[in-house]
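Thanks for coming. I will walk through one structure, a piece at a time, and define terms as they come up.

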Amino acid sequence: MIRAGIRRALSLALRRRDRWENEVEEEIKLHLTLRAAQLMDEGRNPDDAYAEAVRRFGALTESRARLIEAARHREARMQRTEYLGDLRQDITFALRTLRRDKSWTAVTILTLTLGIAAATAVFSAVSSVLLHPVTYPAADRVVMVYQQPAKGNNTGINVTISPSAAVIRAWKTDAHAFEAVEGFAQSDLKLRTTTDWVDVHAARIGPDFASFAGARPVIGRVFTAAEITTNRREALLAEGLWRSRFGADPGIVGRAITLDDSTYSIIGILPADLRLPRVGASTTDVWLPLDLRNDRAGASVVARVRPGMDATRATAELDSIFARVSAEHGERADFRAVVAPPGRQVSFRDSLMLLGYAVALVLLVACANVAHLMLARSDSRRRELAIRTALGAGRSRVFRQLLTESVMVAFAGGALGVFAGWLGLRAILAASPSSLPALTLAHVDYTTLGAALAVTIVTSIAFGVLGAIHAGRESTNEALKSSTQRSTTGRGRVRQVLVVTEMALSATLVVGASMLVRSVANLQRANLGFEPSGLYTVRTSVPRGHFANNAERGAFLRALETRLASVPGVTSVTMASAPPGWWTFSVGRLEIEGRPAPPPTSTEFIRVNRIQHGYFGVMRQGLVAGREFTDTADAAHQVIVNAGFAKKQWPGESPIGKRLRVAQQGTEPWLTIVGVAAEAATGGPVSEEVTAPLLYTPAADSSAAALLVRTARTADLLQPVQALAHAVDQGVTVKVLSVETGIADAIAEPRFVTLLLTLFTVLGLSLAAIGLYGVLGYAVAQRTREIGIRVALGATRTRIARGVIIGGVALAVGGAAIGLAIARWGTKVIESQLFGVARSDSASFVAAAIVLLATALIACIVPTRRALAVDPMTAIRND
Amino acid sequence: MTRLPLLKGTLDLLVLRALSWTPMHGFEIVSWLERAGGGSLELEDSALYQAVYRLEERGLLQAEWGVTENNRRARYYKITAAGRSHLRAETKNWVEYAGTVTDILTAAKSSLPGTGAS
């Protein structure tokens, strides 16, 4: 069809071209004939006369070509002028009519602006964070590769594993499903400056990583494979660090820097926009070589899939290579590979998708409203358009006119919407909690702009056509005859359907929002099982190699602990391997004495927390049975388990005195349960009951990851603790984190999402209310005459008001009923976000119904008052 | 008799002038110019058509196919409103310009700047 169209356009163009040529030829021929005739009249013989005519015309061949060219030019220019003239006329006219209906224009543009702004803001975030988080070449084929336990992940936590160096090497050489496989690793190091140590984020990469990511060194060069194997200590600086710390020194190459205990020589600078493919990762300051010959260290893996390769086959290939490598090393292949786009691992993916759905609904409500407004306008302009048609404006011209108007309105709305969306996104980013670093990637990208443009174009054409169809449906005659005496029931029904749709969409939003609001309230009230307020973790960080061994480190911690206890405001101090916000695991089989042992092939990740005496006191975490360790010596083999696990394993029975162990070789000693600790949600509130084991075991100082400090008041601990640490050991810096803030961060995301969803819901609901108001107001205006007659015949004010309100409420109830039905099914998308609220939560549904009815009643106020104000005399007279 | 080469731009003006009374086809315009100029204008006939197309493109003329007295199809050119006002303005310019040039060229020596007592 398209091809036929093109052919037709071409042949038209050709024919037109022929026409000019023919016309020019014809003109020349006529001229020569007439000239020759004139010359013959003057007495020349015919041959002579014709030759003279040609001579006077000028060199015939060239002048003919010149004239044809001039004619072509003329035609093209005139066509353009005509078209532009029409367009200018259309635009001028549209501006005039739009200006005449100022309030209509403003409401329509505002509605579109709000809808598109909400969509732009959220879709920008979805697009730039989830869909296009990496900007590497062929980004749509860039995937993250990691491994997960093939079975027996019993921790209740999503465990992902970095493949070992041997596996990555094998993947690099043997995985044909990929064009390239690159490993990378992150670590925080300390950079020695002239006076101090500075924390820097380092990334280790292979020789090809930069080109994989589409980056070239700003200065210098990247590592070569040979340099990595010969263990040369070389580093590239990131442009940012080079500028901030080294004054953008162009002669930096060859200088040496000290990171932790090693000295590296700088071989180049990598550009600032080179980032690791991990969404929300901190920017890298220093790039170091990744040595994949070291078989023990693992690394993260990013890869580029070959075009047309599907994920299942790619994964299968990775798994089979992994199985081979594991067999070579005499290990079990207990992990399976996962291939996922970088956006998959974004923690608040679900929340963002949810907001995406919400703004899609808001956009639909906005479009329904605009449809309304267009209908109302084409109704009120019916007469004007009929007059224009009667005066000779062609149908296509009238259509073009309407299209011009809707295009102008839609583009105004679109442009303002994108601008407002950009502002909105900035506001969202400014208000977003710091626990969502990936959100900082969000920006209005080309995908979003394209989508906004598409929405605008579709809107403008759809509504232009809609308006034209509605305006053109009636015959010119009919429309001219009378303005009020026509049936508008058909059109009224379309509008009612639109309003019911809007109400239904809003009802869905309201249900979702109220569920989330309740859920956040539950989160904030949740019983954590310990007291986060006034609790701090103190983590130490030292340049690598600072402590000769763990005992030295333990001695330092012990000394710091003793000093900390005497800081004013500090009531107690303890140490743990897994302070709040951290996890430590044992890998093995959990065996319970007297029960069938799990098969020796199975492996589990079992949470363990190596704690010191007084831990539960400092945490204010209760023991539901038994007591704390009586003997912290390793030889005593005592263990405390979590309540959820105990309840599941020994229902209605005391677990005290039972024995269990984490078996690896099968020769490990049994541990005796001496206590059962209340479940502590140290990572923030959790919705399901925890049944996975958590083993508290007594620990030596050296295995502690951090000190835990309980204070009487929320004191600023950082300064005194830093000073103390320095007093004990010059080379140590400490990080003090408030556990309370950590918990707040954990619920910051749902709070933030709820806030945004509530905003969007209010927006959607307001638009729906405007829609309802429009329909009722229109109905009242249409029925002015009827109302006037009824008042004249003695109808009371109550009756009139009831009529209007019942009309409005009926639409709202219809919409709400449909919307609540949709919500029952649609709340699936927020199920994963709910805490302590069921998907079928009746309170939320009731609340939504009430909110909707209240909104409908508010929307009824003005139309009702207008109906009551109808003066019977004017209404009947006025036609 | 010397034939005068046409000054640049004046042909357009002459064509507009020709058409200011009645629409004509190409040869009629040429003949009119020859008659009105008494045969003293040097002009290739094709140049006339160039001028006409140019004027049409600028919207100063409008073309339409018609039939001559001898029943032959011909393209008739008609001056537009824009063409008329262009003609008026340009004629005025031309007359002023020509007058000034004539004055200067024919002025008595004394009125030339720098030599008289002014």
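Which residue stands opposite M24(B) in β5(B)? It is Y77(B) that stands opposite M24(B). Before going on, some ground rules. This is a predicted model, in which local features need pLDDT of at least 70 and side-chain atom pairs count only at pLDDT 80 or more, while totals for chains, interfaces and linings use all residues. Residues are numbered from 1 along each chain as its sequence is written, and chains are lettered from A and ligands numbered from 1 in the order in which they are written.

Back to chain B. β2(B) and β5(B), residues 73-79, pair in the antiparallel sense over two bridges. Strands here are DSSP runs of E, at least two residues, and helices are runs of H or I, at least four, numbered from the N terminus. Two strands pair if DSSP finds at least two bridges between them. The open sheet has three strands, in the order β2-β5-β4 of chain B, with antiparallel pairing. β2 (24-25) and β4 (61-67) of chain B are at the edges with a single partner strand each, so one side of each has no neighbour in the sheet.

Next, helix α2 of chain B, residues 26-36. Its buried residues are G26(B), F27(B), I29(B), V30(B) and L33(B). Buried means that 20 or more other C-beta atoms, placed from the backbone, lie within 10 Å of the residue's own; exposed means 12 or fewer, and partly exposed is in between. These residues cover an arc of only 160° around the axis, which puts them on the same side of α2(B). The arc is taken from the directions from the helix axis to the C-beta atoms. Just after α2(B), G38(B) has a positive phi of about 60°.
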